Amino acid sequence: MHTANYRKISFTFNSMEDEVNRESKEKFTEGSGFLGGIRPLQLQRRKAQIVVGFVLVAVVFFLIGILIGYLVTKTSNSESCSRQGADNDDKRTGDFQKFHDLFKQTIRTEKLESLMREFSTQPHIAGSSRQHELANTLATNWKSFGFDKVEKPEYNVLLSFPQPNKPNKVAIIENGKTIYEIAGKIKISPDPTSSETFDHYPYLAYAHSGTVEGDLVYVNYGGDTDYEKLSEMNITARGKIVIMRSRSVSNAEKHGAIGALVFPDPSFSAQQGYAQDQVYPNGWWLPSGGVQEGTILFGPYNGDPQTPFLPSIKGIHRKPVNESELPKIPAQTISYGDALELLRRLGGSEAPESWQGGLNITYRTGPGFHNSNKAKLRLEVNNKPENKSIYNVIGTIFGTEEPDRYVIVGNHRDSWSFGAVDALSGTPVTNEIARVFGTLLKKGWRPRRTIKICSWGGEEFNLIGSQEWVEENANILAERAVAYINLDIAVCGDYVLRARATPLFKQIIHKWAKEVKDPNNTKGANTIYDIWLKKTPSDTNGKEPMIFNLFSASDYVPFYQYIGVPCGDFGYWFGYPNRTSLYPVYHTQQDTFYWMKKFVDHKFQIHRAMTQFGGGMTLDFADQPLLPFDVQNYAFALNFSFHVVTSSPDLSANGITLTALRDAVSGFMDACRKFEGRKSDPALLQKPYELRVMNDQMVKLEKAFIYPYGLPGKAQDRHVAFNFGFHNISPSKATFPGITEALYMAKKTGDWDLVKQQVSIATYCVQSATKVLEPLAGR
């Protein structure tokens with residue numbers, strides 16, 4: 001560039017000199033008679049112009065020299081800054097590792113225990129004043145810990161409650177006389193040694209109010225296959241009241257039942273028997289009087305039933321209650337002690353062997369009661385829908401280099417009664433993470449990325465608090481959130497770690513499981529990874545522990561299924577005999593601090609381990625320059641899902657080909673392999689722009705599988721690759737759920753075009769994910 005400009009300047013000065021010469025010659029010719037007076041003046045002018053020209057040329061060269069020197073210096077300084085930036089990154093890595101080690105050492109079991117004890121002294125259902133008190137306590141805590149911002153967003157939502165002046169009732173009626181009645185009011189206590197009691201009214205949230213009377217039919221778990229089995233036995237649920245071992249009330253309604261009863265069968269809740277010395281308060285099994293509560297709102301939408309897809313805040317239109325797709329039949333929960341009294345009177349055929357439960361009777365299907373054609377079951381439900389305020393608590397620590405990238409960790413706070421396990425095993429863990437992060441801040445640490453710690457309200461009713469917050473902030477979170485860690489039931493047993501996560505999380509889960517000691521033997525050499533691998537090896541690779549697909553059951557759902565944020569859900573689980581399961585007092589009044597401390601975590605070492613584990617992952621996501629995602633494992637998981645889908649004989653039988661999807665998956669696997677190769681370049685950490693791009697690509701990989709119009713029948717469930725809550729080919733695997741759901745529907749309706757459409761959607765999403773991972777042009 002400089003050479004071209006110099007030539008242009010030279011040409012200009014030469015032209016000027018020629019013009020001067022021509023002008024001098026003309027004037028000499030024209031004024032030859034005056035030669036003596038004119039010629040010396042022209043020569044002086046010419047000399048002056050030449051001198052000026054040379055001065056200008058010198059000035060230009062001088063300026064060029066300065067410019068060259070500036071550029072050389074700038075390049076040198078830039079290289080120096082790059083080296084300095086790399087040195088700073090190396091120094092920062094050493095610094096944050098020091099703080100990460102300090103984090104693990106600073107966790108206090110007495111802090112974990114005292115918060116659980118304090119929070120579980122009273123029932124704290126969503127919408128109650130006690131829930132508001134707990135939210136305020138957490139907000140005060142996090143402010144005192146030194147968080148940069150603590151918010152308490154409020155949402156006015158539709159909840160459902162029993163009426164103390166009109167308790168729900170269940171009774172056997174014969175000729176107008178009550179033969180047996182189940183009380184709708186019970187006394188509960190946070191500790192069997194305490195004299196303090198509370199009146200409690202067990203119920204199922206959103207159950208329709210009304211009174212129905214009819215024959216009783218046992219329907220096992222109330223799944224579609226159960227009703228099909230009844231049909232084979234010439235038994236129908238239509239016009240009957242059903243009793244079952246799950247909360248599948250919506251399915252009962254679909255199959256024509258007029259009412260429903262649910263109970264916690266001892267095959268789950270009292271597996272060693274229900275003698276007094278085996279059940280609470282003497283053992284960890286559920287006593288015969290324990291009642292399992294919960295929501296029965298399992299419709300197409302999560303969150304507030306009146307504001308689907310929109311946050312339930314001021315200015316948002318609310319659907320009328322009768323248009324909010326609530327259950328339309330009365331339903332009530334009862335204890336297995338009361339279920340025994342109903343089932344032992346039931347007539348009809350003997351139930352199939354797989355339907356026999358843990359009660360010491362022969363389970364029969366009904367309909368009706370034996371020895372009496374006139375005895376009927378009467379079910380009276382008086383639940384009332386109410387609009388109530390719920391509160392989330394959001395604590396924020398702003399990042400330094402990437403404050404616009406969020407690492408989020410959370411759990412819900414509400415419970416059906418005392419809720420020491422669900423959800424108060426997660427609350428002490430996230431609060432302790434917050435406390436120790438505050439300690440690190442005071443010692444000079446600050447994360448690279450912004451950290452948000454969240455306590456959700458209203459999860460038990462319909463994932464309401466988290467869904468409303470995600471809906472309110474969907475555009476920001478879709479752009480900025482890089483990971484969400486859920487610690488709902490952080491501890492419900494002493495058996496083994498249970499992990500449910502996106503395939504991207506495998507690397508970081510393994511790392512932190514290997515860094516945390518076995519909480520049942522902290523002085524031994526084993527880690528929770530060693531115990532995890534031994535007790536629950538993967539069903540696809542026995543050399544690794546099992547990581548399940550994410551279910552559709554907690555606050556990660558809106559993050560993962562709705563906007564595509566990479567998520568994981570973790571807890572230390574109950575196990576008997578030699579297999580994991582939910583804990584036996586789940587959602588009951590026996591879920592107390594007493595149960596946790598006496599039977600599960602005497603010294604709160606398991607809570608400490610889960611704090612180290614969950615907090616450690618949060619720190620890595622927040623501080624590591626390169627996000628610790630495992631793209632190659634995503635490819636393996638997707639390929640596995642594809643092969644599960646191909647196992648369906650219904651595809652080829654109806655002329656449906658998976659060739660395009662197969663090719664897309666193959667291309668995706670190749671793109672992941674190449675991406676991992678670029679990611680392993682050690683020079684990447686010295687290239688901030690390339691590092692940022694690569695991190696964004698990994699996060700957007702998950703989002704590429706979000707189909708904006710949702711999966712069949714569930715517009716909020718938008719994750720095309722891995723999604724439970726649908727009819728999957730393999731019950732324990734969420735594999736291209738749009739395709740598998742469409743297959744299930746097509747076999748009933750004959751609409752095979754829907755299957756072809758879902759195959760096309762899956763193919764498109766896989767191809768989109770492949771493009772996300774491609775290197776940018778020229779890079």
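**Close-up views of a predicted model**

**View 1. Helix α11 is mostly covered.** In this predicted model, helix α11 spans residues 464–472, and eight of its nine residues are buried. The buried residues are I464, G465, S466, Q467, E468, W469, V470 and E471.

**View 2. F461 and F613 lie in the largest nonpolar core.** This core has 213 residues, and F461 and F613 have the most contacts inside it. Helix α23 (residues 752–772) gives the most to this core, contributing nine residues. Leaving aside residues up to four places away in sequence, F613 touches L497, I509, W512, A513, V516, I528 and F570. F461 also belongs to an aromatic cluster with F161, Y203, Y206 and W416.

**View 3. F505 and F621 form a tilted aromatic pair.** The ring centres are 5.1 Å apart, with 40° between the planes. F505 lies in the loop between β20 (496–501) and α13 (506–515) and F621 in helix α17 (residues 605–623), so the pair ties together parts that are 116 residues apart in sequence. Both F505 and F621 are buried.

**View 4. Y634 and F722 form an edge-to-face pair.** The planes of the two rings stand at 70° and their centres are 5.6 Å apart, so the pair counts as edge-to-face. Y634 belongs to helix α18 (residues 631–646), while F722 is in the loop between α21 (688–703) and α22 (737–749); the two are 88 residues apart. Y634 and F722 are both buried.

**View 5. Arginine residues R500 and R718 lie over aromatic rings.** The charged end of R500 is positioned over the ring of F551, 4.5 Å from its centre. R718 lies over the face of Y562, at 4.3 Å from the ring centre.

Definitions and conventions:
Residues are numbered from 1 along each chain as its sequence is written. This is a predicted model: local features need pLDDT of at least 70, side-chain atom pairs count only at pLDDT 80 or more; totals for chains, interfaces and linings use all residues. Side-chain values use heavy atoms; hydrogens and water are left out. Buried means under 20% relative accessible area, exposed over 50%, partly exposed in between (1.4 Å probe, protein chains only). Helices (H or I, at least four residues) and strands (E, at least two) are DSSP runs, numbered from the N terminus. A nonpolar core is a set of buried Ala, Val, Leu, Ile, Met, Phe, Trp, Tyr and Cys residues joined through side-chain atoms within 4.5 Å. Contact means heavy atoms within 4.5 Å. Rings of Phe, Tyr and Trp (its six-membered ring) pair if their centres lie within 6.5 Å; planes under 30 degrees apart count as stacked, over 60 as edge-to-face and the rest as tilted. A charge sits over a ring if NZ of Lys or CZ of Arg is within 6 Å of the ring centre and within 35 degrees of the ring normal.
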